[in-house]
Amino acid sequence: MGIALKKDFGQIKEVLGRCLRLLCPACGESKIVTHPFHIRHHCPHCFALFKREDGFFVGAILANVVTTELVILVVCFFFLLIVGAQYQSVLALLFVMALVFPVAFYHHSWSLWLGFDFIVESLPKYTPPKSTKS
Ligand SMILES: [Zn+2]
């Protein structure tokens, strides 16, 4: 039994494009980031909820860690096997990359995780709390 995706290939490409531009994966009308390193709670246009239950952010961390490791692996193999650079200088480069890349990729890891979640099960809608004034 596989995961039944709720989107066709064209929609998946559209969602991926929105993710790369840090836009809401559901409507593409607003940014998911308000300030650097601050993800919106929900989309002000379509009310798709970005900050879901506790622990939802772990998927974004996973996307960040896996992408960082893949990039480091590719850069390591490229410089050692193709360029033929010295091992010590490649290690220094990889160390700097391991510190900088996850920080620079923070917003996109959130965006990709939200896009993945939107493709698989759609994002729930935010319902503002009802006013207690009468
Ligand atoms: Zn939206």
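This is a predicted model: local features need pLDDT of at least 70, side-chain atom pairs count only at pLDDT 80 or more; totals for chains, interfaces and linings use all residues.
Visitor: How far does α2 reach?
Guide: α2 has 27 residues and spans 37 Å from first C-alpha to last. That is close to the expected 39 Å (1.5 Å times one less than the number of residues).

Visitor: Which residues of α2 are buried?
Guide: Buried means 20 or more other C-beta atoms, placed from the backbone, within 10 Å of a residue's own. In α2, that holds for A60, A63, N64 and T68. Their cover includes α3 (87-104) and α4. W113 touches G59, A60 and A63, leaving aside residues up to four places away in sequence (contact: C-beta atoms, placed from the backbone, within 7 Å).

Visitor: How do I read a helix pair?
Guide: Two packed helices are described by the angle and the distance between their axes. Axes are lines fitted to C-alpha atoms over the stretch in contact, with angles from 0 to 180 degrees between N-to-C directions. The axes of α1 and α4 come within 9 Å and cross at roughly 160°. The two helices are therefore roughly antiparallel (over 145 degrees). I12, V15, L16, R18 and C19 of α1 meet S111, L112, G115, F118 and I119 of α4.

Key
Residues are numbered from 1 along each chain as its sequence is written. Two residues are in contact if their C-beta atoms, placed from the backbone, lie within 7 Å. Helices (H or I, at least four residues) and strands (E, at least two) are DSSP runs, numbered from the N terminus. A residue is buried if 20 or more other C-beta atoms lie within 10 Å of its own, exposed if 12 or fewer, and partly exposed in between; C-beta atoms are placed from the backbone. Angles under 35 degrees count as roughly parallel, over 145 as roughly antiparallel, 65 to 115 as roughly perpendicular and the rest as oblique.
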